[in-house]
Amino acid sequence: MKNQEQARQSFSKHLTLSEVKDRIIFFSYTDVVPFFEFQEGYFFFVNVTDSLRKPWTFIGTFYANPEIGKYVSIKWTKFSSEKRLKANNEVIFTERPRHEGEAPWKKFKLVIKRKIKLFGQVIWGELKV
């Protein structure tokens, strides 16, 4: 049961080459529905803290497309270039509780994982930059 609860508290994906190049990430709305109420065309803020505890604010937008359905884009230009993200990096957004007096939008811890070859074995390591 604990794993199911954790799954509801986070969403993740592996970055595509175009997402890295364009410095924007896309999620199907079904991946993020527990966290955001869909409002087509609206912008929203996504506050994150990286693995070094540095705060970042990204801008998200809701879209609806008749061919692919509802989706969310998150722009993270400065973060993406500063962290030197690469295709196939895994990004994991984990919701953290809001504290009294904080802004009303959601807060997340953001972890970036990269595939590393170590002594002939492939492992996923957390990116700390």
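Guide: A charge sits over a ring if NZ of Lys or CZ of Arg is within 6 Å of the ring centre and within 35 degrees of the ring normal. In this predicted model, local features need pLDDT of at least 70 and side-chain atom pairs pLDDT 80 or more, while totals for chains, interfaces and linings use all residues. Residues are numbered from 1 along each chain as its sequence is written, and side-chain values use heavy atoms, without hydrogens and water.

Visitor: Over the face of which ring does K13 lie?

Guide: K13 lies over F27, 5.8 Å from the ring centre. Likewise, K70 places its charged end over the ring of F38, at 4.7 Å from the centre.

Visitor: How many aromatic pairs are there?

Guide: A pair of aromatic rings is described by the distance of the centres and the angle of the planes. Rings of Phe, Tyr and Trp (its six-membered ring) pair with centres within 6.5 Å; planes under 30 degrees apart are stacked, over 60 edge-to-face, the rest tilted. The count here is 21 aromatic pairs. For F38 and F62, the centres are 5.4 Å apart and the planes at 70 degrees, so this pair is edge-to-face.

Visitor: Where do F38 and F62 lie?

Guide: F38 is in the loop between α3 (29-32) and β3 (43-49) and F62 in strand β4 (residues 55-65), so the pair ties together parts 24 residues apart in sequence. Helices (H or I, at least four residues) and strands (E, at least two) are DSSP runs, numbered from the N terminus. F38 and F62 are both buried (under 20% relative accessible area; exposed is over 50%, partly exposed in between; 1.4 Å probe, protein chains only).

Visitor: What are the distance and angle for F58 and F79?

Guide: F58 and F79 are 5.3 Å apart centre to centre, with 65 degrees between the planes, and form an edge-to-face pair. This pair links F58 in strand β4 to F79 in helix α4 (residues 77-83), 21 residues apart. F58 counts as buried at 2% relative accessibility, and F79 is buried with a relative accessible area of 1%.
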